[in-house]
2 protein chains.
Amino acid sequence: MTTTIEPMPTERPRERRQRVQAAETGMAVLKGLADLGGRATLTALSAHVGEPSSKVHRYLVSLGEEGLVSQDAATQQYFLGPEAIRIGMAAMRQADPIRAAEPALVRLREALEVTCFVAVMGNKGPTIVRFEEPGLPVTVNVRVGSVLSLLWSATGRAFLGYLDERAVHAMAKEELASALPEQRGLLDAKRPIDSLREAVRAAGCACVRDVYLRGISAVAAPIRDHTGRVCAVLTALGATGGFDALETGPIAAAVRREAAAISATLGCTEPARG
Amino acid sequence: MTTTIEPMPTERPRERRQRVQAAETGMAVLKGLADLGGRATLTALSAHVGEPSSKVHRYLVSLGEEGLVSQDAATQQYFLGPEAIRIGMAAMRQADPIRAAEPALVRLREALEVTCFVAVMGNKGPTIVRFEEPGLPVTVNVRVGSVLSLLWSATGRAFLGYLDERAVHAMAKEELASALPEQRGLLDAKRPIDSLREAVRAAGCACVRDVYLRGISAVAAPIRDHTGRVCAVLTALGATGGFDALETGPIAAAVRREAAAISATLGCTEPARG
């Protein structure tokens, strides 16, 4: 679980305030340079952060001494340097979708009283890696370690919709080839996989009702990393009678919103739909 | 060309020093967290940056307020947050091997009085995109826009040695199929491409003497980006009589060193050999 950082009770308020301001201004200058595409003139950067250029320049000197910013002698532009790349890469490497999803699982369970989980794409298919149940859980025969169907589970469909990879396509075709006639009949006759993918992308989530597990409905949305790639899927499920699995319903909206928030903490800047 | 950032003459020295210190300490804490893999306890981070934990904590509060650092409530660890990823991605996007190579081209030209250039892998093969000549240039029939051989030029061999991609292999096989017998005779009889690749990787550079252009020798080394991938090649060339093209010679050492320095400014942390 992630929280904001609380001040230590021992520190002197005045000292803290001073140090904080200068460090925060430094970070604001760094973020401003990122806002402007990682490269800008002093004039443009000062206008963007809303500080006088003499002040911004002093911070750029500090950022330069720490290797976070360099200056191009030909154009006089400032740009984010190798230390900024190194910090970003360390941030990306430690960003973990499962850990990042934990607060969302707790919020979904408590706000909607639903069973919810996070799945990743394993070598056998979508695999549940974290599972949260409400106080009065619905009985389902899936748990941590369960591998789900790509074509018939909401979780699998959320992966299928966004993971445009050869191995995933091959897995989907294999499932289709071995599907029972009544399962096959639920999909588009001519373009079963492509139309499924398009529907998921248009909705930004996958919703199933009594398809994969009898009496169970589920809603799943993609969690994406800093490259925009789907690295996990967030799913909520419940007994069909008391669970609104409509794309336009409140559960789908909450699952999409939480998945987008997790994606943002992983550095994703792309919208999930389309 | 990249330089360090000079202070503005108008600023008051005392004020500058204060602001600089706090901003630099903030950056040092951020870099320290990256050193420790992007995630650490306050104790470990304080020990690493060599500051008392109460002080480091104040800076972490600032970094947290700007979204660069978050805290894991379960483990109490601090970790690099989404803004650190965003800044790193902006830094990577604007990192340009051609621009980054300019100071190296000037240094090589001035220190060694050699012709030198930067090439990227174009759709037709290695393509010269920046070219520097000394005051008394050697006459060569390559210039900006020239596409070079993958198998017979030093530049091409440097790409071939490090770019393990299908399109590059296909291009190399095509060149081999259309090679003249005397060109083919210069390569290993059984494993012409693989042995070339191994030799380049062992030396960290590619050296040719009168192979691609009559009377011309050249030395080329890979420029790598933050993922370790070769994004460009740095090459020095000269008339064979006055140009030491030995792998162990001073020109090869300078080209390797400059290519590694450019790679470092692009965020590469991997060594070039092996």
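How many residues of chain B are in contact with chain A? In this predicted model, local features need pLDDT of at least 70 and side-chain atom pairs count only at pLDDT 80 or more, while totals for chains, interfaces and linings use all residues. Residues are numbered from 1 along each chain as its sequence is written, and chains are lettered from A in the order in which they are written.

**View 1. The side of chain B that touches chain A.** In chain B, 62 residues are in contact with 62 residues of chain A, two residues being in contact if their C-beta atoms, placed from the backbone, lie within 7 Å. Among the elements that give two or more residues to this side of chain B are helix H1 (13–35), helix H3 (53–65), helix H4 (82–94) and helix H10 (250–265) of chain B; helices (H or I, at least four residues) and strands (E, at least two) are DSSP runs, numbered from the N terminus. By class, this side of chain B has 30 nonpolar, 19 polar and 13 charged residues, where Ala, Val, Leu, Ile, Met, Phe, Trp, Tyr, Cys and Pro count as nonpolar, Asp, Glu, Lys and Arg as charged, and the others, Gly among them, as polar.

View 2. Strand E3 (residues 69–72) and strand E4 (residues 78–80) of chain B run antiparallel and are joined by 3 bridges; two strands pair if DSSP finds at least two bridges between them. B:Gln71 has B:Tyr78 in E4(B) as its bridge partner, and B:Gln76 takes a positive phi near 70 degrees in this hairpin, which has 5 residues between the strands.

View 3. Strand E5 (residues 115–122) of chain B pairs with E6(B) over 7 bridges, and B:Cys116 has B:Glu132 in E6(B) as its bridge partner.

**View 4. The packing of H6(B) on H9(B).** Helix H6 (residues 154–162) and helix H9 (residues 192–203) of chain B pack at an angle of about 95 degrees, with their axes 8 Å apart. H6(B) is therefore roughly perpendicular to H9(B), a term that covers angles of 65 to 115 degrees. Among the residues that meet here are B:Arg157 and B:Leu160 in H6(B) and B:Leu196 and B:Val200 in H9(B).

Conventions. Axes are lines fitted to C-alpha atoms, for helices over the stretch in contact, and angles run from 0 to 180 degrees between N-to-C directions. Angles under 35 degrees count as roughly parallel, over 145 as roughly antiparallel, 65 to 115 as roughly perpendicular and the rest as oblique.
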